[in-house]
Amino acid sequence: MNTRESGFHRHVRTSLAARIVYRIICLVLIALGVWSLSMAMTSSDHYHSYASRDNKAVATVTKLESVKDDKYDDVMYCFVEYKFKVDDKEYSSKTAWRSLPSQLNCQLSKDATITIRYEKGNPANNAYNDNSQDREVAKLMTIAYLLVGIVSLGIGFIGLIAIRKAVRSELQGEEADREAEIRAIK
């Protein structure tokens with residue numbers, strides 16, 4: 001056992017406060033890991049949705065709203081509802097994106113035609129203003145969340161195991177000391 005490891009064990013064995021703090025840190029790391037893995041799943045779903053939209057259709061704008069963010073003067077949000085047909089069945093959807101305030105009305109108007117992307121077997125999976133950069137960002141976010149989740153869970157669980165071993169070692173040492181005292185008394 002190296003001196004760093006024995007120092008950790010000695011510190012954990014001798015200090016109740018250290019045990020509590022280390023356990024809290026480990027539990028926070030485990031919670032971060034679980035949250036990161038759930039975010040990785042969500043990001044993976046976004047990536048899959050982007051990647052599966054391989055068909056295009058012409059849609060008609062049914063509602064358009066542009067909202068300026070009061071907090072940030074230079075940000076405008078565009079909300080667009082649209083409808084489109086695939087195989088004589090009509091679908092409707094909506095989307096939103098950020099834009100510069102110089103682009104009032106989001107550069108669209110009601111009843112304008114737009115090109116959307118949709119998934120062939122599932123036209124409900126559609127989007128306007130979809131691009132490959134969004135798909136790549138979703139892929140990178142999935143990988144980043146996975147890495148953070150795995151590392152956090154690993155460190156958290158290893159820390160809890162180390163604390164448990166240190167406490168168990170302390171209890172065994174105390175038990176051995178009591179047995180030695182009993183033998184010395186006899």
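E136 counts as partly exposed, with 32% relative accessibility (buried is under 20% relative accessible area, exposed over 50%, partly exposed in between, with a 1.4 Å probe and protein chains only). This is a predicted model, where local features need pLDDT of at least 70 and side-chain atom pairs count only at pLDDT 80 or more, while totals for chains, interfaces and linings use all residues. Residues are numbered from 1 along each chain as its sequence is written, and side-chain values use heavy atoms, with hydrogens and water left out.

Back to E136: its side chain meets that of K139 in a salt bridge, at 3.4 Å from N to O (the cut-off is a side-chain nitrogen of Lys or Arg within 4 Å of a carboxyl oxygen of Asp or Glu). The structure holds one salt bridge. Why do K139 and E136 sit about one helical turn apart? Because they are three residues apart in helix α3, which covers residues 132-185. K139 is partly exposed too, at 32% relative accessible area.

Now the overall layout. The protein has three helices and five strands (DSSP runs numbered from the N terminus: H or I of at least four residues for helices, E of at least two for strands). Starting at the N terminus, the order of elements is α-α-β-β-β-β-β-α.

Helix α2 spans residues 16-52 and includes M39; V28 lies in helix α2 as well. V28 belongs to a nonpolar surface patch of about 390 Å², made with L16, I20 and I24 (patch residues have over 30% relative accessible area and no salt bridge; like charges are joined within 9 Å, and nonpolar side chains, meaning Val, Leu, Ile, Met, Phe, Trp and Tyr, within 5 Å). As for M39, its C-alpha atom is 9.1 Å from that of G149, although the two residues are 110 apart along the chain.

| Residue | Relative accessible area | Class |
|---|---|---|
| M39 | 25% | partly exposed |
| V28 | 52% | exposed |
| K139 | 32% | partly exposed |
| E136 | 32% | partly exposed |

The accessible surface comes to about 13000 Å², and carbon and sulfur atoms account for 55% of that (Shrake-Rupley method, 1.4 Å probe; for residues, only the protein chains shown count as cover). Among contacts between residues at least 6 apart in sequence, 65% join residues at least 24 apart (contact means heavy atoms within 4.5 Å).
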